[in-house]
Amino acid sequence: MAIENVQQLLTEQLGKNGGTEIFTTAAQTSKDWYCVYFPVESVVASITVADATGEAALQTTLAAGTTLFMNITAITLTSGIGIGYHEGVTT
C-alpha cells in the first residue's frame, strides 16, 4: 500500500473521489469502507471488519456522532443511519 500525502487523506476524509454510501437497516455486504460515521444513535446487529479481531463487541448501540475507522466489509443495523466512506482514487 502506498503512503498517501496530506491532500489525499483530506480528500478522503471529505468523502471525495472514493464516494460515500448512506444506509439504514438493509444489510450492507461486499463493502470496502475505511470509515463509517453514525449521525444518529444506531444499533449494530452484525459487523465484519477485515484484519481485526473482536468486532463482535461492536454489536451494540452506538451513540450519535460515533465514527469507526477500520476496514468494514459488511454491516447490518437494527436501527439508525450509517455513512460509509470508500477510499479515494488517486490520479
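Predicted model: local features only at pLDDT ≥ 70, side-chain atom pairs only at ≥ 80, totals over all residues.
Residues are numbered from 1 along each chain as its sequence is written, and side-chain values use heavy atoms, with hydrogens and water left out.

Ser 42 sits in strand β3, which covers residues 42-49; strands (E, at least two residues) and helices (H or I, at least four residues) are DSSP runs, numbered from the N terminus. With a relative accessible area of 0%, Ser 42 counts as buried. The cut-offs here are under 20% relative accessible area for buried, over 50% for exposed, and partly exposed in between (1.4 Å probe, protein chains only). Not counting residues up to four places away in sequence, Ser 42 touches Thr 60, Thr 61, Leu 62, Leu 77, Ser 79, Gly 80 and Ile 81, where contact means heavy atoms within 4.5 Å.

Zooming out, the chain has one helix and six strands, and along the sequence they follow the pattern α-β-β-β-β-β-β. Of the 91 residues in the chain, 31% are buried. Among contacts between residues at least 6 apart in sequence, 77% join residues at least 24 apart. The accessible surface comes to about 5400 Å², with 55% of it belonging to carbon and sulfur atoms; these areas come from the Shrake-Rupley method with a 1.4 Å probe, and for residues only the protein chains shown count as cover.

Then there is the nonpolar core, meaning a set of buried Ala, Val, Leu, Ile, Met, Phe, Trp, Tyr and Cys residues joined through side-chain atoms within 4.5 Å. The largest one has 13 residues, and those with the most contacts inside it are Phe 38, Ile 47, Leu 68, Ile 72 and Ile 75. Strands β2 (33-38), β3 and β5 (66-79) each supply at least two residues of this core, and the largest share, four residues, comes from β5. Leaving aside neighbours within four places in sequence, Ile 47 is in contact with Glu 55, Leu 58, Gln 59, Leu 68, Ile 72, Ala 74 and Ile 75.

Asn 71 is also in strand β5, but is partly exposed at a relative accessible area of 26%. The side chain of Asn 71 makes a polar contact with the side chain of Asp 32 at 2.7 Å, and a polar atom of the Asn 71 side chain lies 3.4 Å from the backbone oxygen of Trp 33. Contacts of Asn 71 beyond four places in sequence take in Asp 32, Trp 33, Thr 48, Val 49 and Ala 50. The C-alpha atoms of Asn 71 and Val 49 are separated by 5.6 Å, although the two are 22 residues apart along the chain.

Ser 30, in the loop between β1 (20-23) and β2, has a phi near 55°, a positive value in a residue other than glycine. Asp 51, in the loop between β3 and β4 (61-62), likewise has a positive phi near 55°. Ser 30 is exposed, with a relative accessible area of 75%, and Asp 51 is exposed at 85%.

Definitions and conventions: Polar contact = N/O pair within 3.5 Å; in protein donor to acceptor, adjacent residues only side chain to side chain.
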